[in-house]
Amino acid sequence: MTNHAEKRTPRSAMHPRAILPVIRAAGLGPWVLAFVVLFIVTSLVVARVEPQIQGFGTAAWLMFQVVSTIGLGDFTCTTGIGRAMAMLLSAYSILFLALITGVMVSYCNERMRFQRDTSIAHFIDQLEHLPELSPEELAALSEKIKRFRHRT
């Protein structure tokens, strides 16, 4: 029997390349761009105004600690401007990371719903074509029903 509900397995939802299209589809491109620009600008300002920060790399590391909240303490902001930059980036990154997390959770939920609906459609298709199924396909269908019963 030709399977009418044949499906290909799409790329895993947790694959790193799957994140960018989801962010793009959710319209978060401007948020990502704003985050990157804010990260670079705050790093540049901190590199310039903080006396113990030597260069952009160290400032970027400090700003990464601010965003990720790992706060190793090897560098800190001591000037008012540096602290303001850290606070600004911290506040924005909390909102930004929550948005990204929410979008990814929503995407995964939709994907699971789609897979469930596709699976149900495939199951119904098999039931509608029951007389056309081979003995192996009937056995596989029977096994699916048994597994489903055990789950419920």
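Phe56 is located in helix H3, in what is a predicted model. With a relative accessibility of 37%, Phe56 counts as partly exposed. Leaving out residues up to four places away in sequence, Phe56 touches Ile40, Ser43, Leu44 and Ala47.

Ser43, one of the residues touched by Phe56, belongs to helix H2, which covers residues 29-49. Ser43 has a relative accessible area of 0% and is buried, because the limit for that class is under 20%. Apart from residues up to four places away in sequence, Ser43 touches Phe56, Ala59, Ala60 and Met63. Helix H3 spans residues 56-68.

Gly57 is also placed in helix H3. Its relative accessible area is 52%, and Gly57 is therefore exposed, the class for values over 50%. The C-alpha atoms of Gly57 and Ser43 are separated by 8.3 Å, and the two residues lie 14 residues apart along the chain.

The accessibility values of the residues discussed in this report are collected below.

| Residue | Relative accessible area | Class |
|---|---|---|
| Ser43 | 0% | buried |
| Phe56 | 37% | partly exposed |
| Gly57 | 52% | exposed |
| Ser93 | 1% | buried |
| Glu110 | 45% | partly exposed |
| Arg113 | 37% | partly exposed |

**Overall architecture**

The protein contains five helices and zero strands. Read along the sequence, the elements follow the pattern α-α-α-α-α. Of the 152 residues in the protein, 27% are buried. Among contacts between residues at least 6 apart in sequence, 57% join residues at least 24 apart.

**Helix H3 against helix H4**

Helix H4 runs over residues 80-128. The axes of H3 and H4 come within 8 Å and cross at roughly 45°. H3 and H4 are therefore oblique to each other. Their crossing is right-handed. On the H3 side, Met63, Val66 and Val67 take part, and they meet Ala86, Leu89, Ser90, Ser93 and Leu97 in H4. By class, the residues of this contact divide into six nonpolar, two polar and no charged.

**Helix H2 against helix H4**

How do the axes of H2 and H4 cross, and within what distance do they come? The axes of H2 and H4 come within 10 Å and cross at roughly 160°. That angle makes H2 roughly antiparallel to H4, because values over 145 degrees fall in that class. The crossing of H2 and H4 is left-handed.

From H2, the contact draws on Trp31, Val32, Ala34, Phe35, Leu38, Phe39, Thr42, Val45, Val46 and Val49. Their partners in H4 are Ile81, Gly82, Met85, Leu88, Leu89, Tyr92, Ser93, Leu95, Phe96 and Leu99. The contact of H2 with H4 has 17 nonpolar and three polar residues, and no charged residues.

**Ser93 in both contacts**

Ser93 lies in helix H4. This serine is listed in the contact of H3 with H4 and in that of H2 with H4. Once its neighbours within four places in sequence are left aside, Ser93 is in contact with Phe35 and Val67. Phe35 is one of the H2 residues that meet H4, whereas Val67 is one of those in H3. Ser93 is buried, with a relative accessible area of 1%.

**The salt bridge**

How many salt bridges does a search of the whole structure find? The search finds one. Side chains of opposite charge can pair when their charged atoms come close. Here the side chains of Arg113 and Glu110 meet, with an N to O distance of 2.4 Å. The pair qualifies as a salt bridge because that distance is within the 4 Å cut-off. Arg113 and Glu110 are three residues apart in helix H4, and are therefore separated by about one helical turn. Arg113 counts as partly exposed at 37% relative accessibility, and Glu110 counts as partly exposed at 45%.

How values were computed: Residues are numbered from 1 along each chain as its sequence is written. This is a predicted model: local features need pLDDT of at least 70, side-chain atom pairs count only at pLDDT 80 or more; totals for chains, interfaces and linings use all residues. Side-chain values use heavy atoms; hydrogens and water are left out. Helices (H or I, at least four residues) and strands (E, at least two) are DSSP runs, numbered from the N terminus. Buried means under 20% relative accessible area, exposed over 50%, partly exposed in between (1.4 Å probe, protein chains only). Contact means heavy atoms within 4.5 Å. Axes are lines fitted to C-alpha atoms, for helices over the stretch in contact, and angles run from 0 to 180 degrees between N-to-C directions. Angles under 35 degrees count as roughly parallel, over 145 as roughly antiparallel, 65 to 115 as roughly perpendicular and the rest as oblique. A crossing is left-handed if the near helix is turned anticlockwise from the far one by less than a right angle, and right-handed if clockwise. Ala, Val, Leu, Ile, Met, Phe, Trp, Tyr, Cys and Pro count as nonpolar, Asp, Glu, Lys and Arg as charged, and the others, Gly among them, as polar.
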